[in-house]
Amino acid sequence: IEPQYATRQLIFTLLADTMYFFIHYLLNYLYNKIDFTKDYSIYLGLFILITLIVTQLWGVEVYGSKNWLEILGLRFQPSEFLKIFFIIFTSIILSRGLNKNTFIYSSSSIVIIVALFALQKDLGSALIFFAVYLIMLFIVDDKLYPTIISLFAAITMAVISYYVFGHIQSRVEAWLNPWKYISDKSYQVTQSLFAIASGGLVGTGLNLGYPKFIPAVHTDFIFSAICEEVGIISGIIIVLLLCIVTIIGLNYSKNSKKTVNKLICLGLSSITGIQTLIIVAGVLNIVPITGVTLPFISYGGSSLISQTINIGLLYFINMKENGEINE
């Protein structure tokens, strides 16, 4: 799409690969240095809260969302990395067993996090965080009513957000009737539908399509460009590969003996699956577009590096559970 994006993404890929091995060896080193019997949830919670507040106060607005930080000329998206910290934070809390205290603690935490994301107009992150939390809560919930209460709260917050935030109303209206607002609110998604349709099963051929007609095509709508130029079949293959990654992570969760490891693997693998579902459904106008990246595919260093760290953590936990790493 753009040579400069390819060059930058190559650099991001090298950084992500380096980070994968660094995280793996760092965790292996720290495993015998840190007392994991202690409760570190309060420190993780404070780190997440402070990062979100800093982003709210001094963040950089991109495409209408104030969810970026810029340090020494380098711009990154904190929410991509906070996903991992949030999963570990929630896993530690829920691994104690679901009771009144842990439910109030975890649910109040997710409400605060989602509220801050709403203020930043980062609806994609808010949806992903809440969805992952509900999945993790459901797994440890043997009474079901805590999960039902949380689900009802999520629906209530979504309805309130619709009436409070104008940009949410615009996206819902564009989703319900895209052809009515084809030159305005729904220009992006209608161009996406045109691109996918014009590509057909095998695509127009590399560099023979018109993906640049879609705003932000290299990030949120990269799936549309792929379907246009290399076909819907290629798009399906990408979705299947990401499904395989998710299933492998879920299998790691099922085979984990420690509850906290089981929950961490569940959360990390759920992120990949949920994010893929949201963005693919969004570009197809099945759900309102929320502006999240397609894992490992969309342009962007924050997304690629965080997803690579995600895979590294999953692999490390699986090796630890199987005794492949010495205590």
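Select Ser186 and show its neighbours. Ser186 touches Ala174, Pro178 and Tyr181, leaving aside residues up to four places away in sequence. Keep in mind that this is a predicted model.

Now look at where Ser186 sits. The residue is in the loop between helix 7 (166-176) and helix 8 (187-199). Is Ser186 buried or exposed? Its relative accessible area is 0%, so Ser186 is buried. A polar atom of the Ser186 side chain lies 2.7 Å from the backbone oxygen of Tyr181.

**Next stop: the salt bridges**

How many salt bridges does a search of the whole structure find? The search finds four. Three of them are on this tour, one after another.

Select Lys212 and Glu2. These two form a salt bridge, and their closest N and O atoms are 3.3 Å apart. This pair links distant parts of the chain, 210 residues apart. Lys212 is in the loop between helix 8 and helix 9, while Glu2 is in the segment before helix 1 (3-31). Lys212 is exposed, with a relative accessible area of 55%. Glu2 is partly exposed, at 29%.

Move to Glu70 and Arg75. Here is another salt bridge, with the closest N and O atoms 3.2 Å apart. Glu70 counts as partly exposed, at 41% relative accessibility. Arg75 is partly exposed too, with a relative accessible area of 46%.

Now select Glu80 and Lys83. Their side chains meet in a salt bridge, 3.1 Å from N to O. Both residues belong to helix 3 (residues 78-94). They are three residues apart there, so about one helical turn separates them. Check the surface again. Glu80 is buried, with a relative accessible area of 6%. Lys83 is buried as well, at 4%. Buried means under 20%, so both values fall in that class.

**Last stop: helix 9**

Select residues 222-255 and switch to a cartoon view. This is helix 9, with 34 residues. Where does helix 9 bend? Click on Val230: helix 9 bends there by about 130°.

Technical notes
Residues numbered from 1 in each chain as written. Predicted model: local features only at pLDDT ≥ 70, side-chain atom pairs only at ≥ 80, totals over all residues. Heavy atoms only, no water. Helix = DSSP H or I, 4+ residues; strand = E, 2+ residues; numbered from the N terminus. Expected span 1.5 Å × (residues − 1). Bend = angle between axes of the 7 residues up to and from the residue. Buried < 20%, exposed > 50% of the residue type's maximum accessible area, 1.4 Å probe, protein only. Polar contact = N/O pair within 3.5 Å; in protein donor to acceptor, adjacent residues only side chain to side chain. Contact = heavy atoms within 4.5 Å.
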